[in-house]
Amino acid sequence: MGLKKYLSKRDFTQTSEPEGKKEPKKQKHLQFVVQEHHASHLHYDFRLELDGVLKSWAVPKGPPAEISEKRLAIQVEDHPFDYIHFEGTIPKGNYGAGTVKIWDKGTYEVEGNESLMRKGLEDGHINFILHGKKLKGPYSLVRFNTENNQNQWLFLKKKS
Ligand code: MN
């Protein structure tokens, strides 16, 4: 996906969101973040590091709290890795205007390996284990395409 879409939606003379110019440092463990985003509607942005960017989903009701609970997650454009640290206010009139704060963050493990994760993203089914403060244990994201929307996934919490 790359960052083209991310960059095209934002004016960096206006917003303090990262431009994604820094080459991400390769960490020992893959990282994830959940950002609470008070935009026109409150939602939670769930982001998983993969290949130097953040694969991203907007989750209107937030991540599932109970086992087998399903939450709608809409895949959005990849974000630069630096976005994992972003908190602040996106000014009025800009894309995503409102405040962003980190709700949870940590590391995650993919089921299998990273190439399985890449394939899973294409095929619409990924399994991963989160090691956050709030989110811990195995989760899945499963895509369900409707005629009009190819970006809808279900975010599920699984039995450990
Ligand atoms: Mn958002």
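The legends below describe close-up views of a predicted model.

Residues are numbered from 1 along each chain as its sequence is written. Because the model is predicted, local features need pLDDT of at least 70 and side-chain atom pairs count only at pLDDT 80 or more, while totals for chains, interfaces and linings use all residues; side-chain values use heavy atoms, with hydrogens and water left out.

**View 1**
His37 (ND1), His43 (NE2) and Asp45 (OD) are the protein donors of the manganese ion, at 2.2 to 2.3 Å from it. Donors are N, O and S atoms within 2.8 Å of the metal (3.2 Å for Na, K and Ca); water is not among the atoms, so sites may look incomplete. Along the sequence, the spacing of the donor residues is H-x5-H-x1-D. Histidine 37 and aspartate 45 are both buried. Buried means under 20% relative accessible area, exposed over 50%, and partly exposed in between (1.4 Å probe, protein chains only).

Strands (E, at least two residues) and helices (H or I, at least four) are DSSP runs, numbered from the N terminus. Of the seven residues in strand S3 (residues 53-59), seven are buried. In a regular strand, side chains alternate between the two faces of the sheet. On one side of S3 the buried residues are Val53, Lys55, Trp57 and Val59, and on the other they are Leu54, Ser56 and Ala58. Two strands pair if DSSP finds at least two bridges between them. Strand S2 (residues 42-50) pairs with S3 in the antiparallel sense over seven bridges, and aspartate 45 stands opposite alanine 58 in S3. The hairpin of S2 and S3 has two residues between the strands, and aspartate 51 there takes a positive phi near 55°. S3 also pairs with S4 in the antiparallel sense, over five bridges, with valine 53 opposite proline 80 in S4.

**View 1. Aromatic pairs around tyrosine 83.**
Rings of Phe, Tyr and Trp (its six-membered ring) pair if their centres lie within 6.5 Å; planes under 30 degrees apart count as stacked, over 60 as edge-to-face and the rest as tilted. The count by this rule is twelve aromatic pairs. Tyrosine 6 and tyrosine 83 have ring centres 6.0 Å apart and planes at 85°, so this pair is edge-to-face. Tyrosine 6 lies in helix H1 (residues 4-8) and tyrosine 83 in the loop between strand S4 (70-80) and strand S5 (88-90), 77 residues apart. Tyrosine 83 and phenylalanine 86 have ring centres 5.1 Å apart and planes at 45°, so that pair is tilted.
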